[in-house]
Amino acid sequence: NWYMSGRSPIEFRTKMKEAGRTQVRFDGSPENDWLCPSSPENQKLEIDSMVEVATKYDVDGIHFDYIRYPDKDACFCGRCRELFEKQIGRKVEHWPADVRKNPALRETWHEFRRGNITPIVAAVAEAVHKNRPKVKVSAAVWPFWNTERDNISQDWKLWCEKGYMDFVCPMDYRERNAQFRNM
């Protein structure tokens, strides 16, 4: 979903970067392979694309992949700051350091990020379930929900509880058998 590297045409990635629709890292460096989830244009693109595939083509399912942030260090772009400050009703004096140092602000920041992901999942699921009830909605998810909902903003437990997902595919593959057993 948000990850453009690999299969996305270079022209599209360049266009998104030039339009300011890609992510920015905590240290201010660009994260050009990822679309910013706070962008209304990016949100519309994700929803419209997935709903189009699910409703116009004879598919059995629609699958979310990379429906998350790359990690806890993204996105800290100007739009994210502006929207976050609007949400909390004040300026963040030392951006972005304060969203990590202040525990209350940190939790609000995590909620903000999840608030950029979950509505996309909900909108796609609701449209697909309404228009094509037999089409299944699924997602590739990181297995440790309790920590990753903050780190990458993937709140898949909530998505299941709300009925947005027909099933999830935990990414529980590991290089060593012992790692897999420990999971």
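Tutor: Contact means heavy atoms within 4.5 Å. This is a predicted model, where local features need pLDDT of at least 70 and side-chain atom pairs count only at pLDDT 80 or more, while totals for chains, interfaces and linings use all residues. Residues are numbered from 1 along each chain as its sequence is written, and side-chain values use heavy atoms, with hydrogens and water left out.

Student: OK, which residues is N42 in contact with, leaving aside neighbours within four places in sequence?

Tutor: W2, M16, R21, L35 and C36. N42 itself lies in helix α2; helices (H or I, at least four residues) and strands (E, at least two) are DSSP runs, numbered from the N terminus.

Student: Is N42 buried or exposed?

Tutor: N42 is buried, at a relative accessible area of 0%. The cut-offs are under 20% relative accessible area for buried and over 50% for exposed, with partly exposed in between (1.4 Å probe, protein chains only).

Student: Which other residues of α2 are buried?

Tutor: Besides N42, the list has Q43, E46, M50, V51 and A54. They cover an arc of only 150° around the axis, which puts them on the same side of α2. The arc is that of the directions from the helix axis to the C-beta atoms.

Student: What do they pack against?

Tutor: The buried residues of α2 pack against α1 (10-18), β2 (30-35), β3 and α5. On the face turned away from that buried side, α2 carries the exposed residues P40, K44 and K56.

Student: And what span should α2 have at 1.5 Å a residue?

Tutor: Helix α2 (residues 40-56) has 17 residues and should span 24 Å; its end C-alpha atoms are 23 Å apart, which agrees. The expected span is 1.5 Å times one less than the number of residues.

Student: Switching to the sheet. What's the strand order?

Tutor: β3-β4-β5, an open sheet of three strands with parallel pairing. The edge strands, each pairing on one side only, are β3 (61-64) and β5 (167-170). Two strands pair if DSSP finds at least two bridges between them.

Student: How many bridges join β3 to β4?

Tutor: Four, and β4 covers residues 136-141. As for F64, its bridge partner in β4 is A139.

Student: Which helix lies across β3 and β4?

Tutor: That's α5 (residues 103-131), running at about 180° to β3. Axes here are lines fitted to C-alpha atoms, for helices over the stretch in contact, and angles run from 0 to 180 degrees between N-to-C directions.

Student: I was looking at T108. Where does that sit?

Tutor: T108 is in helix α5 and is partly exposed, with a relative accessible area of 22%. Not counting residues up to four places away in sequence, T108 touches F84, Q87 and I88. T108 and F84 are 24 residues apart in sequence, and their C-alpha atoms are 8.7 Å apart in space.

Student: Now zoom out. How many helices and strands does the chain have?

Tutor: Eight helices and five strands. The radius of gyration of the chain is 17 Å, close to the 16 Å that the globule rule gives for 183 residues, so the chain is as compact as a globular protein of that length. That radius is taken over C-alpha atoms, and the rule is 2.2 Å times the number of residues to the power 0.38.

Student: What percentage of the residues count as buried?

Tutor: 40% of the 183 residues.
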